[in-house]
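This briefing is intended for a reader who is new to the structure shown below. Please keep the sequence and the model in view while reading.

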Amino acid sequence: MIGNTLIMALNEIRRNILRSGLTVLGIVIGVAAVIIIVTLGSGTTAQVGSEISKMGSNMLTLMPGGNRRMGGAAGSSPPFEMADVEALRREVPDIAAIAPYAQRTAQVIAGNENRQSNVVGTTGEFIIVRNWNLTSGRTFTLAEEQSGKAVCIVGSTIQTDMFPGQDPIGASIRVGKISCEVIGVLESKGQVMFGGDQDLVVALPIRTYQRRLAGSDRIPQIFISAFTPEGLGPLKEEVTNVMRERRRVPEGEESNFNVLDMTEVSEVMESTIGVMTTFLSAIAGVSLLVGGIGIMNIMLVSVTERTREIGIRLAIGATEQEVMMQFLVEAAMLSAFGGFAGIVIGLAGAAAVAPAINVPFVFEPFTAFLAFAFSAIVGVVFGYMPARRAARLNPIEALRHE
């Protein structure tokens, strides 16, 4: 019986192919919109995780200013000094690596080439904390850091633009008013989705940067790395305790510095993206309801058109359940076809849009299955009333219908 019902429903759909296509258009649009939004949301979440990992592995960022928000000002809180870095290294055994970080923009010149670049003052442990490798050369030695020697490490963009096809190791470049020797080249990390080119950078020993470029011994940030992701929580507490003591913050008062956990930042951003994706998917899902109403409307029309056919079936022995099943199956098939078409269009649209906004294409099989199942359920729910109306027709009255 089920096989015959499916064949009859399919034949009816094929007999009115244009009307059937227009009927399920709302389902197609709704499912396609949900698939595109969820797929791009998953891709954005994956991209955020990747960008956070590029910034550093198991990393804490120590910044001046209490309750400082991302992008907010540090206020009048005093900056850090190298003594703070040494104290943390000495008093917190759970630190895997620690590096001071100061940055400004300066003109970088090599031969006839020049670029406006980010110039960083730091130590050799910077590449460990920021999960950065060298493609050639070496990092700073302790002697170079302490003496303030004019050496530097350059990013891959500096190498490509200012030393095309050459090895810059041993070459001399001018950073602002400093002439320094290139001793290392950083691997490429590329663009960040909420920043600029990470590879457009020149790193100097912290004392060289302070004495000859910044003219100040202030350190705006300190990067701290834990041995494992699980160690970030205890490490954050230890760092907070040491810095509160060093900065003489009375018990019960708010700290005049902030310890930012990159894992927490990642979780907050992913949560925000998830909420926005759910919200937009709910809006797109309204199209499914509109599509369901369209199916109900066309099925009611179909019942009216096929009243005599229904009367004949009932007169020759068909039960009400069989007639109802025929119309329910027809509505479900319409909706399912629309759901399948919506999935195909949605995935194709997401695959086309993802590269344009620089996020990976992340296929979510469960989302596709859920969208397909929901579209079929919409067909059954909105097809129930027309099917029930068809099943309750009086055979004699139906046979008299013109």
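Leu18 is exposed, because its relative accessible area is 63%; exposed means over 50%, buried under 20% and partly exposed in between, using a 1.4 Å probe and protein chains only. The model is a predicted one, in which local features need pLDDT of at least 70 and side-chain atom pairs count only at pLDDT 80 or more, while totals for chains, interfaces and linings use all residues. Residues are numbered from 1 along each chain as its sequence is written, and side-chain values use heavy atoms, with hydrogens and water left out.

**Nonpolar surface patch**

- Leu18 is found in helix 2; helices are DSSP runs of H or I with at least four residues, numbered from the N terminus.
- Together with Ile17, Leu22, Leu25 and Ile29, Leu18 makes a nonpolar surface patch of about 540 Å².
- A patch of this kind joins nonpolar side chains (Val, Leu, Ile, Met, Phe, Trp, Tyr) within 5 Å, whereas like charges are joined within 9 Å; its residues have over 30% relative accessible area and no salt bridge.
- Accessible areas come from the Shrake-Rupley method with a 1.4 Å probe, and for residues only the protein chains shown count as cover.
- Helix 2 (17-23) and helix 3 (25-55) each supply at least two residues of the patch, and helix 2 gives the most, with three residues.

**Helix 9**

- The 15 residues of helix 9 (residues 232-246) should span 21 Å at 1.5 Å a residue, and the end C-alpha atoms are 21 Å apart, which agrees; the expected span is 1.5 Å times one less than the number of residues.
- Leu232, Leu235, Val239, Val242, Met243 and Arg244 are the buried residues of helix 9.
- Arg248, which follows helix 9, has a positive phi, near 55 degrees.

**Salt bridges**

- Side chains of opposite charge can pair when their charged atoms come close.
- Six salt bridges are found in a search of the whole structure, each being a side-chain nitrogen of Lys or Arg within 4 Å of a carboxyl oxygen of Asp or Glu.
- One of them joins the side chains of Arg246 and Asp84 (2.7 Å, N to O). Arg246 lies in helix 9 and Asp84 in helix 4 (residues 82-91), so the pair ties together parts that are 162 residues apart in sequence.
- Of this pair, Asp84 counts as buried at 7% relative accessibility, whereas Arg246 is partly exposed at 32%.
- Arg89 and Glu86 also meet in a salt bridge (3.2 Å, N to O); both lie in helix 4, three residues apart, about one turn of the helix.
- Arg89 is partly exposed at 33% relative accessibility, and Glu86 is partly exposed with a relative accessible area of 35%.
- Glu86, Arg89 and Glu125 are linked in a network of salt bridges.
- Arg138 forms a salt bridge with Glu144, the closest N and O atoms being 2.7 Å apart. Arg138 is partly exposed at 37% relative accessibility, while Glu144 is buried at 6%.

**Cavities**

- The structure holds two cavities of 30 Å³ or more; a cavity is a set of points, on a 1 Å grid over the protein atoms alone, where a 1.4 Å probe fits but cannot get out.
- The second largest cavity has a volume of about 30 Å³, where volume means the space filled by probe spheres set on the points, which are joined across faces, edges and corners.
- Residues lining the second largest cavity include Thr122, Phe126, Ile153 and Leu186; lining residues have an atom within 4 Å of a point.

Notes
1 Å grid on protein atoms, 1.4 Å probe; cavity = no way out; pocket = protein on both sides within 12 Å on 5 of 7 lines; lining within 4 Å.
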